[in-house]
Amino acid sequence: MNFILILTIGLSVFVMWRLMNIVQLTSRLSGENEEEEQNRDNKVNGILLMAFMVIGLLLVVYMTVRYSEFMLPKAATEHGEETDLLLWWNFGVIGIVFFITQIALFYFGYKYRFNKSRRAFFYHENHKLEIWWTVIPTIVLAALIVTGLNSWNKMTQSDHDDGMKIQVYSYQFAFIARYAGPDNVLGKSSYLLISDTNPLGIDYDDPAAADDIMTRGNEMRLPVGIPIDMDCNSRDVIHSVYFPHLRTQMNAVPGMTTNFYFKPTITTAEMREIEQDENFDYVLLCNKVCGVAHYTMNMKLVIDEPDDFRTWLKEQKPVMDGVETAENSEEESEPDEQMAAM
Ligand SMILES: [Cu+2]
């Protein structure tokens, strides 16, 4: 098999070489000298470059329009609209630069192809030009970065007092959402307290934990129009808490708490109408390749009117539900001591 492959490659190279000889011979027979031949080749290559550019740019435009239906729908959060706007500004700037540079690249390749009668022009330096191409990109990039950082700080600053406190807890390979309850304070937790009955490692002695509520199915809900102050935690490896429709993404890192602040603006029912799809659902995905079953790591998100949300939340069980048995409190005493010793 290998021998046949090597023989095929060898023969192909030989055939190519013979073909080139024939082309050279025919041009010599037709009275063309080597220079004319090279000029013709250069011209053909230049025209091919221009054709490549035109086809390539047309394809870029066509693909962008053709596949735009696969873009995410309208952002369903306040900051999401800002993020999208910033993204479109970036695409706009990148798009303009892309078209200018690509057209210049291919056109110059064609226009300045080798020509014996043309002498290269010695162009030493041009300070004015250098200042322009330094100052303009600096201003544009600085504007993009400063506006982006500004938005980012608004989303991630953890001193928002008005937000409804929730925790999204990630582990291989699922999510649990915990709501802080009426006191809006999440009860303390530690990985040392994690057990079969206490998957989040909540400290049941902390009074703030008493009213905490935990999702037990693969669905979480959020109220529309109310700011959410979300903490992210991970039990094992780095995960990423990603709500694509909310333009919200934050890494969940073991050993630390990360935070994201956002305000949902469109309910699931409203989005179904906008998308004209009665099966539409918001989704929470893991956006870090976190292990073999990473692809299965998701949770359904429902955005409700605040009243419906409150009714749903009341139906959910508190985190301490069913764990206040003597057996469990005995189990707990051990890690408590460990915690105290730390
Ligand atoms: Cu994950």
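Modeller: Let's begin with a term: helices (H or I, at least four residues) and strands (E, at least two) are DSSP runs, numbered from the N terminus. This is a predicted model, where local features need pLDDT of at least 70, side-chain atom pairs count only at pLDDT 80 or more, and totals for chains, interfaces and linings use all residues. Residues are numbered from 1 along each chain as its sequence is written.

Biologist: Thanks! Where is Asp229 found, and is Asp229 buried or exposed?

Modeller: A residue is buried if 20 or more other C-beta atoms, placed from the backbone, lie within 10 Å of its own, exposed if 12 or fewer, and partly exposed in between. Asp229 sits in strand β5 (residues 228–234) and counts as buried because it has 21 C-beta neighbours inside 10 Å.

Biologist: Which strands does β2 pair with?

Modeller: Two strands pair if DSSP finds at least two bridges between them. Strand β2 (residues 174–179) runs antiparallel to strand β1 (residues 164–171), joined by six bridges, and β1 and β2 form a hairpin with two residues between them. Strand β3 (residues 213–214) is also antiparallel to β2, through two bridges. Look at Tyr179: Ile166 stands opposite it in β1, while its bridge partner in β3 is Ile213.

Biologist: How is β2 covered?

Modeller: Mostly: five of its six residues are buried.

Biologist: And what angle do helices α2 and α3 make?

Modeller: Axes are lines fitted to C-alpha atoms, for helices over the stretch in contact, with angles from 0 to 180 degrees between N-to-C directions. The axes of α2 (residues 34–66) and α3 (residues 78–111) cross at roughly 165° and come within 7 Å.
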